[in-house]
Amino acid sequence: MVSDTAAGVPNTAPAGPKSRKSVTGTRGAVAALFLLPALVLLGALVVYPIGYSVVRSFYDQSGDGFAGFDNYQALFTDDGIRTALKNNIIWVVFAPTVATALGLIFAVLTERVRWGTAFKLVVFMPMAISMLAAGIIFRLVYDQDPDKGVANAVWVGVHDTFAQSSAFPKAHPGRESPLEPAGGGAFVTKGTVSAGDTVTLPLVGVAPDLMPDDARRAAAPKPEGDRITGTTWQDFTRGKGVGTLNAVDAAELGYAGMRIEAVRDGTVVETATAGDDGTFSLSSKADGARLRLPADNFAEPYNGLDWLGPSLVTPAIIGSYVWMWAGFAMVLIAAGLAGMPRELLEAARVDGANEWQVFRRVTVPLLAPVLAVVTVTLMINVLKVFDLVFIIAPGSTQDDANVLALELYRKGFSEDQPGIASAIAVFLLLLVIPVMWFNVRRLRREVRR
């Protein structure tokens with residue numbers, strides 16, 4: 001048999017499949033070239049610093065001597081680091097929870113109002129502010145002086161609505177006064193009073209420009225039958241040698257609202273309140289009693305809470321964080337609500353569920369994946385919080401508000417202990433990794449669905 005080739009007839013049999021190995025290899029090389037700049041940056045800015053920090057954490061302060069696990073041991077023995085760790089736990093527990101809860105409430109409620117979009121814009125707006133700027137804002141908000149700090153201005157306003165502060169915190173008897181100290185900040189007359197008497201209770205110590213707005217020129221007491229009348233006033237007139245001691249002068253103001261008690265044998269038998277001109281009147285029940293000006297007349301005005309003091313500084317800073325990040329939580333949860341099947345909500349209502357039951361048993365379970373994303377994201381974020389604590393907490397209470405990121409900064413730059421600072425950085429990385437792993441795993445599970 002003579003083959004087709006030998007006979008001069010060309011071989012037209014189909015060729016076998018071409019190998020795709022070279023094509024795949026070319027595509028892989030091209031992909032590697034495109035990824036190379038990103039990989040170089042990732043290695044230079046992420047992998048290398050992490051590796052260097054791990055190595056540096058095993059060396060002493062000078063960086064020459066191997067310290068082993070001494071730096072890691074300091075994480076649990078150093079008082080400052082232990083306080084920072086305790087505060088980080090408080091942050092992780094409360095800040096994401098409160099921010100997520102508020103975001104959920106805002107997202108659900110704003111679905112039912114016409115101006116919901118405007119409200120969401122206002123709540124989300126703090127996200128546009130840097131942590132540094134937010135820290136400066138809240139440092140002013142939490143100022144102790146109610147005239148400067150908004151928080152204390154509101155708090156003092158509410159307090160004074162129910163418990164009016166004294167207008168005479170620095171008032172006290174002057175020279176040759178008929179009053180003497182009675183203990184506890186009160187003052188009492190040196191002698192007893194009788195029915196029909198007129199009594200003068202002069203005080204000094206309150207600057208004229210600090211007198212109450214409703215104070216009027218003091219009036220001398222006038223006898224009223226068997227009643228005991230008197231005047232309590234600011235016994236001071238501007239100008240050297242002007243005015244008569246322990247006597248009511250024309251330019252002197254009465255202590256409006258001053259409370260007077262008649263005390264006999266340690267028992268208060270009657271009370272009176274001075275009028276705008278400082279005058280008061282007691283019945284004959286006060287006969288034989290001594291007149292006392294109780295200490296609450298001279299109590300210092302309520303000055304609000306010490307928001308940045310040792311006990312409240314951490315909750316106060318967490319409040320500023322929630323102010324910034326509640327809008328972030330609200331936007332993500334609102335996006336989840338937009339994609340929720342409405343027929344399930346309507347079916348629950350048709351079955352007789354009220355709005356609270358629909359929210360608790362239908363809305364929240366359906367939003368569970370979104371709530372998990374928000375909570376985990378905020379947990380990672382609060383583990384690294386630094387700016388707010390550094391800016392808001394004053395130097396006197398910064399130790400009480402300390403967190404791990406701030407302690408890392410202080411050890412590395414202020415106290416020149418790079419070994420311990422590196423150990424804190426590695427410890428923070430170890431804390432973040434489980435949370436990130438949980439988040440990645442949950443996202444993969446969502447993709448499979």
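Helices (H or I, at least four residues) and strands (E, at least two) are DSSP runs, numbered from the N terminus. This is a predicted model, in which local features need pLDDT of at least 70, side-chain atom pairs count only at pLDDT 80 or more, and totals for chains, interfaces and linings use all residues. Residues are numbered from 1 along each chain as its sequence is written, and side-chain values use heavy atoms, with hydrogens and water left out.

Start with the whole protein. It has 13 helices and eight strands. Its radius of gyration, taken over C-alpha atoms, is 38 Å, well over the 22 Å that the globule rule (2.2 Å times the number of residues to the power 0.38) gives for 449 residues, so the protein is more spread out than a compact globule. Along the principal axes, the C-alpha atoms fill a box of roughly 155 × 75 × 40 Å.

Next, select residues 21-56, helix α1. Where is L45? L45 lies in this helix, α1. L45 is exposed, with a relative accessible area of 63% (exposed means over 50%, with a 1.4 Å probe and protein chains only).

Now select residues 179-183 (strand β1) and 186-189 (strand β2), which pair in the antiparallel sense over four bridges; pairing requires that DSSP finds at least two bridges between two strands. Show P181: its bridge partner in β2 is F187. β1 and β2 form a hairpin with two residues between them. Finish on G184 in the turn, which has a positive phi of about 70°.

Technical notes:
Buried means under 20% relative accessible area, exposed over 50%, partly exposed in between (1.4 Å probe, protein chains only).
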